[in-house]
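Colleague: I'm new to reading structures. Could you walk me through a few features, one at a time?

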Amino acid sequence: MAQFGFENDIHSILKLDMPITNAPMARWQRKASSSNSSALNGLSPGKSANVSLSSSKTPSKTPGKNKKQTPSKMGGDRFIPTRNSKQMDVASFLLSKENEPVDANNTAGTSESQKAWSMSLNGYNIDDAKILHLGGKPLNAPEGYQNNLKVLYSQGATPASVKKTRYISSTPDKILDAPDLRNDFYLNLIDWSSRNVLAVALHNSVYLLDASQGDITLLMRLESEDIYICSLSWTKEGTYLAIGTSDCKIQLWDVYNQKRLRSLASHTSRVASLSWNDHVLTRYFFFFFFFFSSFMIIDKLAISIVCWTHVSFPSGSRSGHIHHHDVRVADHHIFTLTGHSQEVCGLKWSPDGRYLASGGNDNLVYVWPRMQEGTNTNSVQCWSDHQGAVKALAWCPWQPNILASGGGTSDRHIRIWNVNSGSCISSLDTQSQISSLLFSPNYKELVSAHGYAHNNVVIWKYPALTRVAELKGHEDRVLSLILSPDCSTIATVAGDETIRMWKSFEVDPVKKAKERLVKSTSSVIHQSIR
């Protein structure tokens, strides 16, 4: 029995049902006692509502350490830096007032009297008071203070990783008047040679602008006012110019001697597009040579004479036919490409000379292989995705199998094609008629010229097709767009009879110097190998 009594005593001691008399006060009890004491002190005048509770807290100093600690304000809220007992009373009154029913018999005079009483007692209108009020300005950090956390977790890029963005001027570098320019969407009236000479067709005349010197020269003028010039195209060397006219003919001109070499007639309607093959070769022979054609003797005697090799170029007409010409022979028309049912307004050879792209008013885009006489004339690709005339065509210089095409007013889309697979890589709705396209190799961008309704020029990042810049200034639709030989400037011609030059692709001088160094080194190596 003694053992059972001992176990009962042990169980009674281990039970936690009974209150512990010597234990410290619970947290809720401390809060209740502190609130009661603050309320009692608030009733007596001259007493502060913020009562120190240091007696119920742990000592402020750790034994054995004499470090100075920052004093803390007791009785406040860490999220509300300035809240005293008066504000608490106002907040309590406003909260209780929201639950009270609205007195409909309250008159304007009573509200005015309440406002006056509130102003006299509180110093402000109680109706305009806020339940929570943030007051006071944060203190300025001491001089030389640095927040290590801000430095450690800052998301801002360091100066070394910041990319330099180039400045693209929104105003043209030069503006030239172009009177009597035909405002015809389907014509190609401007071309820039590799020798930095700009050719412009103004009605029945062709003018040459030396972009380096600024000199302007009249090359030729048609005899009849009823006949106008429809297209221009320089040879790769920049010495000869092909001119397509509305009387179904093509004239070949020696620009530097200002002589017409040949007049080619094979089309039955106006010649709106021309494109020389990039594989045109010229060779120089140091002996006496006679070069005859069916029309005239070009050179009788010369010490250094040009010999045409593989000189052929296509021409597109309103009939929808594309003719290939070989200017070495009297019978220059060697074969015809038939695919378009309406006017051919766009012709472009690929950078490697393997493919010829054609666009027409029938909304079709054809890709033709490079062909010799007697070979198959079937197209490689034919795309009908555009819903408007396709005049704008551009091959990517660094990706020879990529072709960009742009549609007219009914389409307004830029489409990027892979010639090898025949698929459309991407498409973009520009909300405006597209009259011309070109790729800028300096920054790997695509440039588009637009007619109705924006009449502007837009630079797109390739291949993302995100807008980089917009060039405005023309008052009518932009008809054509051409790139300078150094790929730094574009020239635009518009229906407002102006030519504007934009320096939008100038290369960074440091980058340019590096490229020159690489080129000079490679040329030295090449010369040593030869």
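Colleague: Is aspartate 226 buried or exposed, and why?

Modeller: Keep in mind that this model is predicted. The general idea is that a residue counts as exposed when its relative accessible area is over 50%. Aspartate 226 has 71% relative accessibility, so it is exposed. You'll find aspartate 226 in the loop between β5 (216-221) and β6 (229-234).

Colleague: Okay, now rings. How many aromatic pairs does the structure hold?

Modeller: Seven. Two rings pair if their centres lie within 6.5 Å, and planes under 30 degrees apart count as stacked. Take tyrosine 355 and tryptophan 395: their ring centres are 6.4 Å apart and their planes sit at 10 degrees, so this pair is stacked.

Colleague: Which parts does that pair tie together?

Modeller: Tyrosine 355 is in strand β19 (residues 355-360) and tryptophan 395 is in strand β22 (residues 390-396), so the pair links parts 40 residues apart in sequence.

Colleague: Are tyrosine 355 and tryptophan 395 buried or exposed?

Modeller: Buried means under 20% relative accessible area. Tyrosine 355 comes in at 11%, so it's buried. Tryptophan 395, at 7%, is buried too.

Colleague: What about tyrosine 366 and tryptophan 368?

Modeller: They form a stacked aromatic pair, 5.1 Å centre to centre with 20 degrees between the planes. Both residues, tyrosine 366 and tryptophan 368, are buried.

Colleague: And which residues form one aromatic cluster?

Modeller: That would be Trp398, Phe439 and Tyr462.

Definitions and conventions. Residues are numbered from 1 along each chain as its sequence is written. This is a predicted model: local features need pLDDT of at least 70, side-chain atom pairs count only at pLDDT 80 or more; totals for chains, interfaces and linings use all residues. Side-chain values use heavy atoms; hydrogens and water are left out. Helices (H or I, at least four residues) and strands (E, at least two) are DSSP runs, numbered from the N terminus. Buried means under 20% relative accessible area, exposed over 50%, partly exposed in between (1.4 Å probe, protein chains only). Rings of Phe, Tyr and Trp (its six-membered ring) pair if their centres lie within 6.5 Å; planes under 30 degrees apart count as stacked, over 60 as edge-to-face and the rest as tilted.
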